[in-house]
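Please look through the model shown below with this report beside it. The sections take up one topic at a time.

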Amino acid sequence: MPSFELILFDIDGTLIDTGGAGARSWTWAFEHAFDRPGVDIGKYSSAGMTDPVVARKTFTEAIGREPTGEDLARLIAAYLSVLPDYVAASEGYRVLPGVEELLPRLHDAGVLLGVTTGAMEAGAHAKLGRACLNHFFLVGGYGSDSEDRVELTKTAVKRAERLLGRSLDPRQVAVVGDTPLDISAAQDAGVVSVGVATGKYDLDELCAASPDHALSSLTEPFPGIEN
Ligand SMILES: [Mg+2]
């Protein structure tokens, strides 16, 4: 029996890199929903913040006031309306090293797989869809479930428990992510954290957040299952 029953993966910087398609979609959304061209979300986009938080912080900076709930909904809807096309057209889109080999191996080992991501659910599926990776993930927690990464991580675990019809031992649940925020969310949700240095943060920066395991990339054997 594998040591993990459920493994939840972050998306951006962990499974894939959209090559800037997400940032370009936000820029389009600000221009078309709020007539504000040239808005750059780069400062927030790779730090592991959820989409609603990225949207609120960038809106406040670009427009000069806090967004209302309706503002945020309009902005996010505009973003999601172009994201699939921007992902499809992105020259820099890539699946990160080891992912296409690791996911079927974990599936074959009997591990339930899911996603835990700050992306809105529709955005997550658009990002994974180009590489035909959606089918590996039976459950998920998304930025559309909560803007708080701890809460959306707990949501993903609850959905897995609902699917299995029983509760899971948190020591047999792992979260894999590329930012210190992914690691602290796993810790606060009470599950095992695995940092992977394929995003903006190197191994030393990830290790400063004290993950249970840290990997240079997903080409390495998966801890607790393959070593
Ligand atoms: Mg990430």
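## A charge over a ring

Arg74 lies over the face of Phe34, at 4.3 Å from the ring centre, where a charge is said to sit over a ring if NZ of Lys or CZ of Arg is within 6 Å of the ring centre and within 35 degrees of the ring normal. The model is a predicted one, in which local features need pLDDT of at least 70 and side-chain atom pairs count only at pLDDT 80 or more, while totals for chains, interfaces and linings use all residues. Residues are numbered from 1 along each chain as its sequence is written, and side-chain values use heavy atoms, with hydrogens and water left out.

## Two domains

The chain is divided into domain 1 (6-18 + 93-215) and domain 2 (21-89), with bounds that come from an automatic or database domain assignment. The centres of the two domains, taken over C-alpha atoms, are separated by 23 Å. Where they are in contact (heavy atoms within 4.5 Å), 19 residues from domain 1 and 19 residues from domain 2 take part.

## The sheet

An open sheet is formed by six strands in the order S5-S4-S1-S6-S7-S8, and the pairing is parallel. Strands (E, at least two residues) and helices (H or I, at least four) are DSSP runs, numbered from the N terminus, and two strands pair if DSSP finds at least two bridges between them. Strand S5 (139-141) and strand S8 (213-215) stand at the edges with a single partner strand each, so one side of each is left without a neighbour in the sheet.

Strand S1 (residues 6-9) and strand S6 (residues 173-177) run parallel and are joined by four bridges; Leu8 has Val175 in S6 as its bridge partner. Helix H7 (residues 149-164) packs on the sheet, where it touches S1, strand S4 (112-116), S5 and S6, and its direction makes about 160 degrees with that of S5; axes are lines fitted to C-alpha atoms, for helices over the stretch in contact, and angles run from 0 to 180 degrees between N-to-C directions.

## An aromatic cluster

Phe9, Phe136 and Phe137 form one aromatic cluster. Rings of Phe, Tyr and Trp (its six-membered ring) pair if their centres lie within 6.5 Å, and planes under 30 degrees apart count as stacked, over 60 as edge-to-face and the rest as tilted; by this rule the count comes to six aromatic pairs. The rings of Phe9 and Phe137 have centres 6.3 Å apart and planes at 65 degrees, so the pair is edge-to-face. This pair links distant parts of the chain, with Phe9 in strand S1 and Phe137 in the loop between helix H6 (121-129) and S5, 128 residues apart.

Both Phe9 and Phe137 are buried, a word used for under 20% relative accessible area, whereas exposed means over 50% and partly exposed lies in between (1.4 Å probe, protein chains only).
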